[in-house]
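Student: I have a chain open on my screen and would like to learn how to read it. Could we go through it together, one question at a time?

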Amino acid sequence: VNTPQANSAPHIVHVSVPGIPSGSGAEMLILGLDLEGIEVSAGSACASGALNASHVLSALGKADTASIRYSIGFGTTANEIDRAVSVTRRVIERVQKAL
């Protein structure tokens, strides 16, 4: 988890996914999650829309690792979060096997 506990937006969670490269690996994650009904973004908010790492991820030493960003809305339920975690695990395993 790349999101700091202090001084960050409480509704955004950013994670790096070890074993999956940035760029095409991140794209595979996003597409796989989208097919399962989970909407995420690649990278950090400061490089929104880009598949490659931002300067922030580079500074954290995570430029070569795929990362995804979840934004949780006011109406998001605990069950939806649990489902997103479960689906994310499955998609990560699928992408890792495909690479």
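Tutor: Happy to! Keep in mind that this is a predicted model. Let's start from Thr 88, which sits in helix H3.

Student: Is Thr 88 buried or exposed?

Tutor: The relative accessibility of Thr 88 is 10%. A residue is called buried when that value is under 20%. Because 10% relative accessibility falls there, Thr 88 counts as buried.

Student: Which backbone oxygen lies 2.6 Å from a polar atom of the side chain of Thr 88?

Tutor: Look for a pair made of a side-chain polar atom of Thr 88 and a backbone oxygen. They are 2.6 Å apart, and the oxygen belongs to Ala 84.

Student: Which residues does Thr 88 touch, if we leave out those up to four places away in sequence?

Tutor: Setting those neighbours aside takes away the residues beside Thr 88 in the chain. What is left is a set of three names: Leu 33, Ile 68 and Tyr 70.

Student: How far does H3 reach from its first C-alpha to its last?

Tutor: H3 has 21 residues, and at 1.5 Å a residue the expected reach is 30 Å. The model comes close to that, with a reach of 30 Å.

Student: Within what arc do the buried residues of H3 fall?

Tutor: The buried residues are Ala 84, Val 87, Thr 88, Val 91, Ile 92 and Val 95. Looking down the axis of H3, they line one face of the helix, because they fall within an arc of 145°.

Student: Which elements are included in what covers the buried residues of H3?

Tutor: Go back to the buried residues of H3, Val 91 and Ile 92 among them. The cover over these buried residues includes E1, H1 and E3.

Student: Let's move to the strands. In what order do they lie in the sheet?

Tutor: The chain has three helices and three strands, and along the sequence they follow the pattern β-α-β-α-β-α. Strand E1 (residues 12-21) is joined to E3 by seven bridges, while strand E2 (residues 41-42) pairs with E3 over two bridges. The pairing is antiparallel, and the open sheet has the order E1-E3-E2.

Student: Which are the edge strands?

Tutor: An edge strand pairs on one side only.

Student: Which residue of E3 is the bridge partner of Ser 41?

Tutor: Let's look at a few opposite positions. Val 17 stands opposite Ala 66 in E3, and Ala 42 stands opposite Ile 68. For Ser 41, the bridge partner in E3 is Arg 69.

Student: Why is strand E3 called largely enclosed by the rest of the structure?

Tutor: E3 covers residues 65-71, seven in total. It is largely enclosed because the number of its residues that are buried is five.

Student: Which element gives the largest share of the largest nonpolar core?

Tutor: That core has 18 residues, and those touching the most other members are Ile 20, Leu 29, Leu 33, Ile 38, Val 40, Ile 68 and Tyr 70. Two or more residues come from each of E1, H1, E3 and helix H3 (78-98). The largest share is five residues, and it comes from H3.

Student: What is Val 40 in contact with, leaving aside neighbours within four places in sequence?

Tutor: Val 40 is one of the core residues that touch the most other members. Its contacts, with those neighbours left aside, are Ile 30, Leu 33, Ile 68, Arg 69 and Tyr 70.

Student: Now for H1. Within what arc do its buried residues fall?

Tutor: In H1, the buried residues are Gly 25, Ala 26, Leu 29, Ile 30, Gly 32 and Leu 33. Seen down the axis they line one face of the helix, because they fall within an arc of 165°.

Conventions
Residues are numbered from 1 along each chain as its sequence is written. This is a predicted model: local features need pLDDT of at least 70, side-chain atom pairs count only at pLDDT 80 or more; totals for chains, interfaces and linings use all residues. Side-chain values use heavy atoms; hydrogens and water are left out. Buried means under 20% relative accessible area, exposed over 50%, partly exposed in between (1.4 Å probe, protein chains only). Helices (H or I, at least four residues) and strands (E, at least two) are DSSP runs, numbered from the N terminus. Two strands pair if DSSP finds at least two bridges between them. A nonpolar core is a set of buried Ala, Val, Leu, Ile, Met, Phe, Trp, Tyr and Cys residues joined through side-chain atoms within 4.5 Å. Contact means heavy atoms within 4.5 Å. The arc is that of the directions from the helix axis to the C-beta atoms. A polar contact is a pair of N or O atoms within 3.5 Å; within protein, one must be able to donate a hydrogen and the other to accept it, and residues adjacent in sequence count only if both atoms are side-chain atoms. The expected span of a helix is 1.5 Å times one less than its number of residues.
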